[in-house]
Amino acid sequence: MSLLNKVVRFFAVPDDPELVRAQARALSRQVPLLYAMLLANTLILAGTHLDVAPPLLSAYIPSALSLLGIARLLYWWRGRHRVMDAISARRMLTSMIWVAAGLAIGFTAWSMALFPYGDAYRQSHVAFYMAITAIGCMFCLMHVRGAALMVGACVLIPFAIFFATSGHSTLAAIAINMVLVVIALVVILLGNYRDFSALVASRSAMSQKQEETQRLSDANDRLANVDELTGLPNRRSFQRRLTEMLAEATAQGKTIAVARLNLDSFKSVNDIFGQITGDLVLADVASRINALRRPTTFLARLGSDDFALILTEPTDQASLQACGNVLTAAMRPSFEMKLGTVRLSASAGFAASMPGDTAEMLYDRADYVTWAAKREARGDAKVFSDRDAHDLSRVRRMEHALHTADLDAEIYILFQPQFDIALNRTTGFEVLARWRSPTLGEVSPGEFIPLAERTGMISKVTQTVLSKALEVSERLPKPLRLSVNLSAHDIGSTTAVETIVALVEKAGTPCRIDFEITETAVMRDMNQASNALLALLSLGSRIALDDFGTGHSSLTHVQKLPLDRIKVDRSFVAEVCTDPASRAIIKTTVDLCRNLGISCVFEGIENEEQLDALLGLGGTVMQGYLFGRPMAEEQALEHLTGERKDWGAARSHIYSTAS
């Protein structure tokens with residue numbers, strides 16, 4: 001960079017926008033003082049020369065300069081509180097540098113023109129005026145380095161030359177003093193300017209840091225309170241808002257209602273179309289609900305495919321049911337996605353607040369009635385009723401009893417035979433869990449198994465059942481195998497799988513335990529499910545896919561999972577004699593299993609008409625009340641001893657024809 005460029009940059013306005021704005025703010029406070037001082041000093045000097053100098057120098061020129069100064073003073077005074085952006089501030093500072101240079105030159109020229117008139121006192125006054133006014137102006141302009149130095153240069157250079165060459169030693173001494181003072185002043189001014197620039201930079205950095213901190217705080221607050229996918233409030237916001245709205249309603253003697261809406265079988269969407277499409281569907285669901293809600297209704301996404309609403313009055317049962325019908329109906333139209341058409345339904349549960357409710361109690365009722373809706377009225381809405389209150393009370397008692405249960409003492413197992421027509425004998429038993437609670441008595445598996453799954457207790461139940469099955473397997477005839485059901489929690493948890501493997505390995509070899517899984521269990525995470533099943537296969541176990549045909553993408557699961565057996569759901573068996581579609585599905589499944597080299601088991605066979613139909617379609621392995629109800633270990637052993645040896649002979653012609 002050339003010397004000239006360095007000098008120009010030294011006098012120019014800096015590039016830093018924050019520094020430019022700070023200079024403009026400081027200058028707007030100090031320039032009015034500069035012009036006031038300049039006007040006062042000029043009028044006083046002109047007044048001392050009125051009777052000795054020509055009117056042009058003593059009156060007209062100072063009047064013109066004073067009017068210019070007054071105009072600039074008023075301009076700055078009016079804009080002293082003005083907030084300027086960096087561009088306007090830069091424009092103003094640049095103009096100030098040139099105005100300062102022009103005024104300095106103008107007042108200096110007038111002062112020197114006035115110097116020859118008057119006696120030594122008046123001449124000394126001129127020198128004093130030029131020196132003190134220049135120093136004062138430089139101080140007022142100290143935050144704008146270019147303007148201050150411009151004033152110093154435009155005054156000092158002519159001043160020093162003029163008085164040093166005047167021929168008067170006193171005036172020459174004044175010139176030298178002036179140069180020394182201005183040099184010292186420039187050093188101080190440059191130091192103050194550096195400090196001012198550093199202070200502005202420090203404040204700017206601090207401000208940026210504060211802005212970044214605030215931005216991060218806002219982002220954290222958003223992450224903590226807003227669902228990123230849908231933009232709705234999240235579970236945390238919902239819980240806080242529910243507490244607030246319930247307190248307000250209670251104080252006003254009003255009621256509110258909570259609704260929970262859950263998509264039915266949503267996991268199949270991710271499994272079939274992928275998570276990206278699943279996320280788009282969830283966003284669309286949020287939009288549909290949001291379009292229907294009233295302005296006073298609070299909507300949140302609790303997580304996954306769960307949404308919740310807080311509704312103000314009316315909260316009577318009829319109004320809530322009507323609201324639920326509208327919400328669930330809005331979910332039935334298909335979702336048109338790039339990868340295909342997605343069809344869903346949603347189940348919803350509504351509960352109105354009662355006196356003495358807490359937010360947890362109110363949500364608990366809505367949560368329970370949603371679960372009841374999925375079980376009893378899938379795809380529709382259900383409002384919490386007195387019957388639900390009774391059922392909820394029982395469920396909570398069951399939850400408490402299950403959490404405090406001695407599972408080894410209270411859980412027992414029954415056995416249902418699986419009969420192979422081709423081998424003419426029972427080849428194994430399905431192990432069925434039963435719970436006899438000391439406080440509740442006999443609890444149906446249809447109640448406690450779903451409850452155990454919802455409360456996370458199912459893995460402990462599975463491990464208890466497996467331990468008991470391993471004990472029994474040692475006492476059964478060698479060829480027989482036992483089938484134990486695994487839940488989605490068992491398959492989806494590496495810890496649970498490791499515990500199951502450890503239990504089987506501890507029991508010794510050979511392993512005579514087979515494991516039955518449902519399609520729902522593997523839909524959550526296909527990779528995890530596949531790894532879990534491979535670990536179980538390494539024990540010598542076999543894997544059966546239970547309830548085949550009732551889930552989604554069954555063929556995908558058959559293709560990807562290491563299966564040994566498929567169990568056809570009882571719903572197809574129940575209609576095999578009356579429904580051609582069921583017969584076609586069963587025939588296709590039998591052929592599929594034969595082609596894949598795996599066995600096929602039919603559940604729920606209750607009469608011989610069903611058996612005849614299944615044999616005609618090629619079925620061989622049967623399970624159902626026709627072959628034996630669930631029985632205790634002693635009964636199972638007796639069943640094997642007294643098994644009908646002529647069963648195969650009676651059916652041999654049917655089986656041979658089917659084969």
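Which elements each supply at least two residues of the lining of the largest cavity? In this predicted model, they are α2 (17-48), α4 (86-114), α5 (120-140) and α6 (145-164).

## Largest cavity

The structure holds 3 cavities of 30 Å³ or more. The largest cavity has a volume of about 200 Å³. Its lining comprises 18 residues, with L38, A104, F107, T133 and C137 the closest to the centre.

α4 gives the most to this lining, with 7 residues. By class, the lining has 15 nonpolar, 3 polar and no charged residues.

## Second largest cavity

The second largest cavity has a volume of about 50 Å³. Its lining includes L470, S473 and E474, along with V504, A507 and R512. α16 (458-473) and α18 (494-507) each supply at least two lining residues. By class, the lining has 6 nonpolar, 2 polar and 2 charged residues.

## Second largest pocket

The volume of the second largest pocket is about 280 Å³. Two or more lining residues come from each of α10 (275-292), β3 (306-311) and α11 (317-330). α11 gives the most, with 5 residues.

The lining has 9 nonpolar, 4 polar and 3 charged residues.

## Surface patch

I176, L180, I183 and V187 form a nonpolar patch on the surface. Together they have about 400 Å² of accessible area.

V187 sits in helix α7 (residues 169-225). Is V187 buried or exposed? V187 is exposed, because its relative accessible area is 55%, and exposed means over 50%.

Key: Residues are numbered from 1 along each chain as its sequence is written. This is a predicted model: local features need pLDDT of at least 70, side-chain atom pairs count only at pLDDT 80 or more; totals for chains, interfaces and linings use all residues. Side-chain values use heavy atoms; hydrogens and water are left out. Patches are made of residues with over 30% relative accessible area and no salt bridge: like charges are joined within 9 Å, nonpolar side chains (Val, Leu, Ile, Met, Phe, Trp, Tyr) within 5 Å. Accessible areas come from the Shrake-Rupley method with a 1.4 Å probe; for residues, only the protein chains shown count as cover. A salt bridge is a side-chain nitrogen of Lys or Arg within 4 Å of a carboxyl oxygen of Asp or Glu. Helices (H or I, at least four residues) and strands (E, at least two) are DSSP runs, numbered from the N terminus. Buried means under 20% relative accessible area, exposed over 50%, partly exposed in between (1.4 Å probe, protein chains only). On a 1 Å grid over the protein atoms alone, a cavity is a set of points where a 1.4 Å probe fits but cannot get out, and a pocket is an open set with protein on both sides within 12 Å along at least five of seven lines; lining residues have an atom within 4 Å of a point. Grid points are joined across faces, edges and corners, and a volume is the space filled by probe spheres set on the points. Ala, Val, Leu, Ile, Met, Phe, Trp, Tyr, Cys and Pro count as nonpolar, Asp, Glu, Lys and Arg as charged, and the others, Gly among them, as polar.
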